[in-house]
Amino acid sequence: MSADPARSPCRQGEQPSPVPAPVPYLVWSEAYRMGDARIDEDHERLLAEINLLIDAINDDCKGAVLIGSLEHILEVGCAHHRREEALLEEMAYPALPDHREEHRCLEDGMRALIARVAAHAIDDPAEIATTVKEWFVEHVIGQDMRYKTYIEERDQEGNRPCP
Ligand SMILES: [Fe+2]
Ligand SMILES: [Fe+2]
């Protein structure tokens with residue numbers, strides 16, 4: 001992650017100008033853990049990719065760079081969703097059809113954001129960061145919290161002594 005936004009490659013050739021306050025990184029929370037190491041690893045990777053987008057925004061990158069970063073987040077997110085769906089299928093999670101549908105909506109939401117950035121419909125790049133952070137915390141993690149309880153209950157039953 002860049003330490004000095006004023007030295008970013010996206011700022012080369014520019015006259016020095018006041019640097020806006022940097023967008024804060026998305027910070028991992030232990031509360032995001034789902035209880036399955038493979039899923040947690042995926043979520044941490046997604047968070048790291050979002051922080052690379054925040055780096056690009058703080059480096060004053062625009063247009064194609066931001067779109068490329070968003071497309072990469074979408075790619076990592078889609079791969080995670082497919083992996084998570086396979087794991088939930090293995091666990092016989094009963095609400096999997098709804099969860100799969102939610103994943104499709106999340107992916108469509110990210111595609112819509114990319115289209116808005118490509119159409120220059122967002123003036124302030126910090127708004128892109130805010131939208132992606134909400135997408136991750138409220139939706140990606142928020143929706144997954146529903147199966148966290150299922151995993152916890154399943155693990156407790158597995159540890160219960162035989163009658
Ligand atoms: Fe997930
Ligand atoms: Fe999910």
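How many helices and how many strands are there in the protein? There are 4 helices and 0 strands, and the views below are taken from a predicted model.

**View 1. Overview of the predicted protein, which follows the pattern α-α-α-α along its sequence.** The mean pLDDT of the protein is 88, with 86% of its residues at 70 or more. Among its elements, helix α2 (residues 63–90) has the highest mean pLDDT, 96, whereas helix α4 (residues 125–159) has the lowest, 87. Of the 163 residues in the protein, 20% are buried.

**View 2. The largest nonpolar core, made up of 19 residues.** The residues with the most contacts inside this core are Ile50, Leu53, Ile57, Leu70, Val132 and Phe136. Two or more residues are given to the core by each of α1 (37–58), α2, α3 (96–118) and α4, and the largest share, 7 residues, comes from α1. Leu53, one of the residues with the most contacts inside the core, touches Ser69, Leu70, Ile73, Ala129 and Val132 when residues up to four places away in sequence are left out of the count.

**View 3. The contact of α1 with α2, where the two axes come within 10 Å.** These axes cross at roughly 175°; because angles over 145 degrees count as roughly antiparallel, α1 and α2 are described as roughly antiparallel to each other. On the α1 side the contact is made by Arg38, Ile39, Asp42, Arg45, Leu46, Glu49, Ile50, Leu52, Leu53, Ala56 and Ile57. On the α2 side, the residues include Val65, Leu66, Ser69, Leu70, His72, Ile73, Val76 and Gly77, and also His80, Arg83, Glu84 and Leu87. By class, the residues of this contact divide into 13 nonpolar, 4 polar and 6 charged.

**View 4. The contact of α2 with α3, where the axes cross at roughly 175°.** The axes of this pair come within 10 Å, and the crossing angle makes α2 roughly antiparallel to α3. Helix α2 contributes residues including Leu66, Ile67, Leu70, Glu71, Ile73, Leu74, Gly77 and Cys78, together with His81, Glu85, Leu88 and Glu89. From α3, the residues that make the contact include Leu96, His99, Arg100, His103, Glu107 and Met110, as well as Arg111, Leu113, Ile114, Val117 and Ala118. The contact of α2 with α3 has 13 nonpolar, 4 polar and 6 charged residues.

View 5. With 9 C-beta neighbours inside 10 Å, Ala92 counts as exposed, because the limit for an exposed residue is 12 or fewer. His120 is exposed, with 9 other C-beta atoms within 10 Å.

**View 6. Arg154 of helix α4, shown together with Met91.** Although Arg154 and Met91 are 63 residues apart in sequence, their C-alpha atoms are 8.9 Å apart in space. Is Arg154 buried or partly exposed? Arg154 has 15 other C-beta atoms within 10 Å and is therefore partly exposed, since a buried residue would need 20 or more.

How values were computed
Residues are numbered from 1 along each chain as its sequence is written. Chains are lettered from A and ligands numbered from 1 in the order in which they are written. This is a predicted model: local features need pLDDT of at least 70, side-chain atom pairs count only at pLDDT 80 or more; totals for chains, interfaces and linings use all residues. pLDDT is the predictor's confidence in each residue, from 0 to 100. A nonpolar core is a set of buried Ala, Val, Leu, Ile, Met, Phe, Trp, Tyr and Cys residues joined through C-beta atoms within 7 Å. Two residues are in contact if their C-beta atoms, placed from the backbone, lie within 7 Å. Axes are lines fitted to C-alpha atoms, for helices over the stretch in contact, and angles run from 0 to 180 degrees between N-to-C directions. Angles under 35 degrees count as roughly parallel, over 145 as roughly antiparallel, 65 to 115 as roughly perpendicular and the rest as oblique. Ala, Val, Leu, Ile, Met, Phe, Trp, Tyr, Cys and Pro count as nonpolar, Asp, Glu, Lys and Arg as charged, and the others, Gly among them, as polar.
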